[in-house]
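Here is a friendly walk through one protein model, strand by strand and ring by ring. Please keep the structure open while you read.

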Amino acid sequence: MTELKPVKEGKVREVYDTGDSMVIVATDRISAFDHILKNDITKKGSILTKMSKFWFDFTKDIVPNHMLSIDVNDMPEYFQNAKFDGNSMKCQKLNMLPIECIVRGYITGSGWESYQKDGTVCGIRLPEGLKESDKLPKPIYTPTTKAELGLHDEHISFEESIDILEKVHPGRGMEYAEQIRDFTIALYQKCAEYAKSKGIIIADTKFEFGLDNEGNVVLGDEMLTPDSSRFWPLDGYQPGKSQPSFDKQFVRDWLKANPDNDYTLPQEVVEKTVEKYEEAYELLTGAKFQ
């Protein structure tokens, strides 16, 4: 059996080229503030993979996605073992677009900090008098660049996203910028409405898109996981303060409160994070995490 090496390693995922497709492995690593923490979060990779599968299936009527299978028996022999079982996804190869598509339905995090300074989020003027964690009148699209590992993504305007896409796909920059913006809003609206019916507020999230061989836009990467989204419990939601969460905000908050942490989490924070990820998965899918 030939050993395969990742062709790309991100903060938490590894990407393998298997010839006619890709295999994306979600590891148990966790990152915060652009650093990979020293602890693994047990089962995290499997939870993220299965949650992405749930959302890909749920939204394929809006936009096609890259998922082919999460069954290791559909993958090369190298992946057919316990190390990869549950946390690996076989995917269509895409030419990824160099934009991170962020959508915000509520005002929180860096958006709240910006709004307090000048009443805007990523250059978008918002109504006066909003409180922290307020629901926005309508979701806003705030794209960013895709930075290399260790660097920060930069907020860009919609017009700047057109320019970036035009450079890599001459003559189609405007078309692709409009498509990914519209898909991002449509995906968020459908999924946020569904999640709310299950007791979870999706405050914000990010999507990534690529092009297939015919130049069609396809949803790629992961989708609506606790790593790429802010999930809040609907029960007890109260604007005017930060909200408890099912996502890695719990980890970020602990790191902020303990600045001399050396990017190492205590075991109780690891266990609490796993619990939150599992609870979010089970609420959203209605299935017990196996």
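## Strand 9 and its partners

Strand 9 is joined to strand 14 (residues 200–211) by four bridges, and the two run antiparallel. Two strands count as paired if DSSP finds at least two bridges between them; helices (H or I, at least four residues) and strands (E, at least two) are DSSP runs, numbered from the N terminus. Before going on, please note that this is a predicted model, in which local features need pLDDT of at least 70, side-chain atom pairs count only at pLDDT 80 or more, and totals for chains, interfaces and linings use all residues. Residues are numbered from 1 along each chain as its sequence is written, and side-chain values use heavy atoms, with hydrogens and water left out.

Within the pairing with strand 14, Ile102 has Lys206 as its bridge partner. Strand 9 also pairs with strand 12 (residues 135–141), antiparallel and over three bridges, and here Val103 stands opposite Tyr141. With strand 13 (residues 144–145) the pairing is again antiparallel, over two bridges, and Ile99 faces Thr145.

How many residues of strand 9 are buried? Eight of the eight (residues 99–106) are, so strand 9 is largely enclosed by the rest of the structure. Buried means under 20% relative accessible area, exposed means over 50%, and partly exposed lies in between (1.4 Å probe, protein chains only).

An open sheet of five strands has the order 1-2-3-7-6, with antiparallel pairing. Its edge strands are strand 1 (8–9) and strand 6 (67–69), each of which pairs on one side only. Strand 6 is joined to strand 7 (residues 88–91) by two bridges, running antiparallel, and Ser69 has Lys90 as its bridge partner in strand 7. Helix 1 (residues 44–59) packs on this sheet and touches strand 3 (22–26), strand 6 and strand 7. The direction of helix 1 makes about 40° with that of strand 7; axes are lines fitted to C-alpha atoms, for helices over the stretch in contact, and angles run from 0 to 180 degrees between N-to-C directions. Contact means heavy atoms within 4.5 Å.

Strand 4 and strand 5 pair in the antiparallel sense over three bridges, and Arg29 has Asp40 in strand 5 as its bridge partner. The two strands form a hairpin with two residues between them, and Phe33 in the turn has a positive phi of about 55°. In a regular strand the side chains alternate between the two faces of the sheet. In strand 4, Arg29 and Ser31 point one way while Ile30 and Ala32 point the other way, and all are buried.

Which residues of helix 5 (residues 249–257) are buried? They are Gln249, Val251 and Leu255. These residues cover an arc of only 155° around the axis, which puts them on the same side of helix 5; the arc is that of the directions from the helix axis to the C-beta atoms. Their cover includes strand 4 (29–32), strand 5 (35–40), strand 16 (229–233) and helix 6 (267–285).

## Aromatic rings and charges

The structure holds 18 aromatic pairs. Rings of Phe, Tyr and Trp (its six-membered ring) pair if their centres lie within 6.5 Å; planes under 30 degrees apart count as stacked, over 60 as edge-to-face and the rest as tilted. Two of the pairs are set out below.

| Pair | Centre to centre | Angle of planes | Class |
|---|---|---|---|
| Phe58 and Tyr194 | 4.8 Å | 50° | tilted |
| Tyr106 and Tyr237 | 5.9 Å | 90° | edge-to-face |

The pair of Phe58, in helix 1, and Tyr194, in helix 4 (residues 173–197), links parts of the chain 136 residues apart. Phe58 is partly exposed, with a relative accessible area of 24%, whereas Tyr194 is buried at 17%. The charged end of Lys190 sits over the ring of Phe58, 4.6 Å from its centre. For such a placement, NZ of Lys or CZ of Arg must be within 6 Å of the ring centre and within 35 degrees of the ring normal. Arg181 likewise lies over the face of Phe158, at 4.5 Å from the ring centre.

Tyr106 belongs to strand 9, and Tyr237 to the loop between strand 16 and helix 5, 131 residues apart. Tyr106 is buried, with a relative accessible area of 6%; Tyr237 counts as partly exposed at 24%. Ring pairs also link Tyr16, Tyr78, Phe79 and Phe84 into a cluster.
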